[in-house]
Amino acid sequence: MTHLRCSIADCGAKFDLHDRLLACPACGELLEIAIDPPESEPSLIKNLWRERRLSFHPRYSSGVWRFRELLPQYSEHHIVTMSEGNTPLVEGRKTADWAGVRHLWFKHLGWNPTGSFKDLGMTAGMTEAKFLGVSTVACASTGNTAASLAAYAARGGMKARVYLPTGQASANKLAQALDFGAEVVQIQGSFDTALDALLEAEDENLYFLNSINPFRIEGQKTAMYELLEQFDWKIPDYLVVPGGNLGNSSAFGKAFMELKKFGFIDHVPKIVIVQAAGANPLARLWRSGGKDLQAMAEPETVATAIRIGNPRSWKKAVAGIAFTGGLVTDVTDEEIGEAKSMIGRDGIGCEPASATTLAGIRKLASEGRIDRDATIAAVLTGHALKDTDYIIKSHS
Ligand code: F0G
């Protein structure tokens, strides 16, 4: 039976799938969802996934729920979806030349309903909330989670409350949350302070939808199924992803672990996590070779989406890096700015946090740490229109 379990193998505690828990009661670590092996052959399931891509049925036209063989199961009326996913893979041209690599592809998750990858996790998290009969959902956010949560709560007929660090989320993201009818709570301090405030509130009436919620991770992992499908199941050498709270990189690690375990693929791409140099606790840990992450009290970067000093999912992200033989690096705000404008000039566009990927690829290629002939897939996490102030300022 698909169930909840502690994400730390040594603990091994197990729980019912729908127990309303955010952390393991035995050891305090994050939980994850243990998915049952699928009943059919991987090749048959791959065909089914592809066939569903042709469907107009809301459940199958969702680029998350068409992969339902590897997701928790729900009946139709619980599923809160806006046909998220099914986002394109776009070839990098000027960007590839600029980074000095030959085979570069962008998986643009910013081309989702609310303009970021959060929608992939939100359809899964909001569906669980609906199944549980929740009336109010909540999150702390640097902006994108708030926008996505607000939209999906509205679709699912639930109230939304979002905790934002005052003056630190872009105006565009704040505007989305307001437009979709969320109650906005401004918190003095960083994202980490906002998340602490929300968790400490211990309000039983609120259902938490930050990425520590394991259902969010289930939805987000499907981006990797779709990516490999778009590569016709030929495995790229690298998968490059920005790192903030490290939920997304954890989700991608889980996707590759499960696909390999269930026989869908025989090897995996190396996950490369790129952080902003001013908010880089994981990159510091990686360089130090240490075992414990030191949180940063005052993270600072122009890429406000990833201005996070105490990433909650770091252990899960480290597990994904270890499993895939990946690595972690960081890039300065100046490098992020240059990479962002190159992505714009390639006709693609993205928000600053997403541009860490291209900046990281350029850095690693110039240092000889990734092969220039390798096939590289970079995840763009947010749409260019997510932070228009940044663009205007950088051009004036
Ligand atoms: N890129 C964008 C555009 C984001 O909004 C985020 C996180 C990340 C990357 C990092 O992803 O946290 O899973 O490592 N945004 C969160 C938010 C924190 O509140 O919108 P992560």
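**Reading loops and a ligand shell**

Tutor: Ser83 has a relative accessible area of 37% and is therefore partly exposed. Buried means under 20% relative accessible area, exposed over 50%, and partly exposed in between (1.4 Å probe, protein chains only). The model is predicted: local features need pLDDT of at least 70, side-chain atom pairs count only at pLDDT 80 or more, and totals for chains, interfaces and linings use all residues. Residues are numbered from 1 along each chain as its sequence is written, and side-chain values use heavy atoms, leaving out hydrogens and water.

Student: Where is Ser83 found?

Tutor: Helices (H or I, at least four residues) and strands (E, at least two) are DSSP runs, numbered from the N terminus. Ser83 belongs to the loop between helix H2 (58-61) and strand S4 (89-91).

Student: What is the phi of Ser83?

Tutor: Most residues other than glycine have a negative phi. Ser83 is not a glycine, yet its phi is positive, about 55°. Trp233 also has a positive phi, near 65°. Trp233 lies in the loop between helix H8 (214-230) and strand S10 (238-242).

Student: Is Trp233 buried or exposed?

Tutor: Trp233 is buried, because its relative accessible area is 16%. Asn112, at 8% relative accessibility, likewise counts as buried. The loop holding Asn112 runs between strand S5 (103-108) and helix H4 (118-132).

Student: Which backbone oxygen lies 3.0 Å from a polar atom of the side chain of Asn112?

Tutor: That backbone oxygen belongs to Leu109.

Student: How many residues surround the ligand?

Tutor: A residue is near a molecule if one of its heavy atoms lies within 4 Å of it. Here 19 residues surround the ligand, and the closest are Ser141, Thr142, Asn245, Leu246 and Thr381. The shell divides into 6 nonpolar, 11 polar (Gly counts among the polar) and 2 charged residues (Asp, Glu, Lys or Arg). Helix H5 (144-156) and helix H9 (247-261) each supply at least two residues of this shell.

Student: Which side chain has an N or O atom 2.7 Å from an oxygen atom of the ligand?

Tutor: The side chain is that of Ser141. An oxygen atom of the ligand is also 2.7 Å from a polar backbone atom of Leu246, and an oxygen atom of the ligand is 2.8 Å from a polar backbone atom of Asn248. Taken alone, the ligand exposes 480 Å², and the protein buries 99% of that (Shrake-Rupley method, 1.4 Å probe).

How values were computed:
Polar contact = N/O pair within 3.5 Å; in protein donor to acceptor, adjacent residues only side chain to side chain.
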